[in-house]
Amino acid sequence: MRGGTRSWWGWGNVEDAVTGAERDALTRRVAELLPGADLTVHEPPPVEAFGVGPSRIRAPRALAPLACDGIRDRLAHSHGQAFRDVVRALLGRLPHVPDLVVRPTSEAEVVQVLDWCGDAGIAAVPFGGGSSVVGGVEPRIDGDWRGVVSLDLTAMNRVLEVDRTSRAALVQAGVLGPALEEQLRPHGLTLRFFPQSFQFSTLGGWLATRAGGHFATTLTHIDDLVESLRVVTPSGTVESRRLPASGAGPSPDRLFLGSEGTLGVITRAWVRLQDRPRLRADASVAFARYEEGVDAVRAVAQSGLDPANCRLLDPMEAQLNAGSPTAVLVLGFESADHPVTARAERALELCRDHGGTPTGPVRLTEGGGERPRAGTAADTWRSSFLRMPYQRDALAAQGMIVETFETACTWDRFGTVRAAVDDAARDAMRRAGVTGVVTCRFTHVHPDGPAPYFGVYASGTWGRTVEQWDEIKAAVSDALIASGATITHHHAVGRDHRPWYDRQRPEPFAAALRAVKGTLDPGGILNPGVLVDPPAAAARRRGAARRRSQG
């Protein structure tokens with residue numbers, strides 16, 4: 001993937017934004033879908049218009065070369081990449097801006113930063129690629145803090161060691177996806193973990209949020225690819241033993257996976273690798289009835305065939321993103337060792353058994369290429385998938401509400417969950433005064449249930465689209481929890497999902513998590529408000545210490 005200039009307000013690189021003929025075509029499709037929508041284009045304001053004040057804090061001399069207080073840098077670290085983040089930037093509404101962006105280059109410097117923040121009463125928000133869509137990196141922090149530091153780990157970006165025998169590598173947490181794969185390529189190895197944010201997210205971010213990646217079945221979460229972690233906490237450094245598996249009590253790794261920067265800063269990890277695949281088989285299947293596609297996917301997920309790609313698009317999603325008038329299942333199999341044609345053919349048999357019609361024969365690819373032949377349904381979907389965030393930004397700038405929410409449920413509940421989400425979203429859109437559609441696709445599937453990914457495409461009211469989306473999001477989140485689904489399959493909790501996460505987790509576990517937070521981060525400096533609330537006693541101690549230092 002080529003480099004470029006990162007956008008400070010929206011997704012990805014400025015050079016890759018939706019413009020010209022692509023924007024014209026996108027606007028035409030939306031106008032056909034939602035006649036009467038106001039699709040006037042709004043440009044982001046200049047950074048000077050945000051009125052960002054000077055930093056309230058200064059880094060100590062030893063850390064000063066790592067710190068930046070520039071307005072553009074601070075604004076870029078003040079938000080993630082959710083729809084509401086993008087629109088607030090377009091509207092000039094980014095009130096929570098870090099005082100400094102600090103980029104450590106070593107673990108020792110991470111320790112120095114945390115020591116300084118702890119002693120000075122400064123909150124620290126760990127920051128990877130900034131691709132959070134749940135408010136996970138936004139310094140929206142309550143409490144009497146002297147300032148807020150955005151702790152950007154991207155300068156720690158090297159593969160430190162490769163164990164070819166065990167197929168594993170020791171990797172610094174700040175490495176971006178493309179740089180990681182480029183360093184593994186000479187060894188003939190790959191992590192084979194490709195979330196949609198791959199180009200702009202880091203290994204540490206994947207670990208801290210329990211991200212979901214390339215494989216649609218079996219190895220879906222980064223959890224499955226971890227041998228050990230090393231984490232710097234305000235109370236000391238934690239490093240788990242590197243092992244293929246262990247039954248020695250609760251796993252330290254599991255404590256920090258998904259901790260979202262609240263318990264410590266992940267600095268490096270041993271990760272499990274694979275030989276680079278060279279044999280691939282791709283196919284796509286059309287279904288006249290979406291329900292038949294769901295049944296087919298369940299059969300494939302429970303067959304043990306383990307496709308690398310198993311993405312079901314409902315008719316609306318297929319029309320918008322793959323140009324198909326029917327529900328479409330995109331299948332892919334791959335291996336570095338053996339042909340996968342038989343597995344693909346068997347998957348197609350299962351699809352035929354459930355009313356599916358293959359759109360063509362199984363397409364075979366051999367060699368190191370990453371993509372099927374151009375023009376296939378899989379290729380069309382992959383291209384659309386990578387362009388989605390850019391198109392989302394373009395439509396957000398035209399007053400559209402274009403956003404997603406994802407979940408997971410068991411197969412027996414899927415019909416109920418889908419109906420509840422559809423009803424809740426449509427009712428909320430009516431209350432918010434917007435017109436739109438709700439779509440559904442499967443991003444990952446497990447033998448016991450799918451991970452539905454719902455999309456909302458609606459004509460909003462410019463200047464009010466954040467509030468309109470928040471109303472829709474809240475209604476759908478209530479429906480997810482009420483119907484027995486999870487508030488998130490792979491997007492993490494952050495600040496935006498806290499109310500529903502608190503309802504999902506058992507209270508004794510919440511109490512245990514608060515106790516762990518108090519032990520590892522007694523000052524409560526790390527990403528305050530994410531996962532657990534800061535202890536009131538710690539806040540009082542910080543206030544008393546500051547009053548003493550000032551008096």
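Mentor: Let us begin with a definition: helices (H or I, at least four residues) and strands (E, at least two) are DSSP runs, numbered from the N terminus. His 444, for instance, has its place in strand E18 (residues 435-446). This is a predicted model, in which local features need pLDDT of at least 70 and side-chain atom pairs count only at pLDDT 80 or more, while totals for chains, interfaces and linings use all residues. Residues are numbered from 1 along each chain as its sequence is written, and side-chain values use heavy atoms, with hydrogens and water left out.

Trainee: Is His 444 buried or exposed?

Mentor: Buried means under 20% relative accessible area, exposed over 50%, and partly exposed in between (1.4 Å probe, protein chains only). His 444 has a relative accessible area of 3%, so it is buried.

Trainee: Which residues does His 444 touch, not counting those up to four places away in sequence?

Mentor: Contact means heavy atoms within 4.5 Å. On that basis His 444 touches several residues, including Gly 212, Phe 215, Thr 220, Pro 450 and His 489. By contrast, 43 Å separates the C-alpha atoms of His 444 and Arg 146, which are 298 residues apart along the chain.

Trainee: How is the packing of helices H12 and H13 described?

Mentor: Axes are lines fitted to C-alpha atoms, for helices over the stretch in contact, and angles run from 0 to 180 degrees between N-to-C directions. Helix H12 (residues 414-432) packs against helix H13 (residues 465-482) at an angle of about 155°, and their axes are 8 Å apart. Angles under 35 degrees count as roughly parallel, over 145 as roughly antiparallel, 65 to 115 as roughly perpendicular and the rest as oblique. H12 and H13 are therefore roughly antiparallel. Among the residues making the contact are Val 417 and Ala 424 of H12, with Ile 472 and Ala 475 of H13.

Trainee: How many residues of helix H3 are buried?

Mentor: In H3 (residues 83-90), eight of the eight residues are buried, so this helix is largely enclosed by the rest of the structure. Phe 83 and Arg 84 are among them. Just after H3, Gly 92 takes a positive phi of about 75°.

Trainee: How many disulfides does a search of the whole structure find?

Mentor: A disulfide is a pair of cysteine sulfur atoms within 2.5 Å. The search finds zero. The sulfur of Cys 310 lies 7.6 Å from its closest cysteine sulfur, in Cys 351, too far for a bond. Cys 310 is buried, with a relative accessible area of 0%, and Cys 351 is buried at 0% as well.
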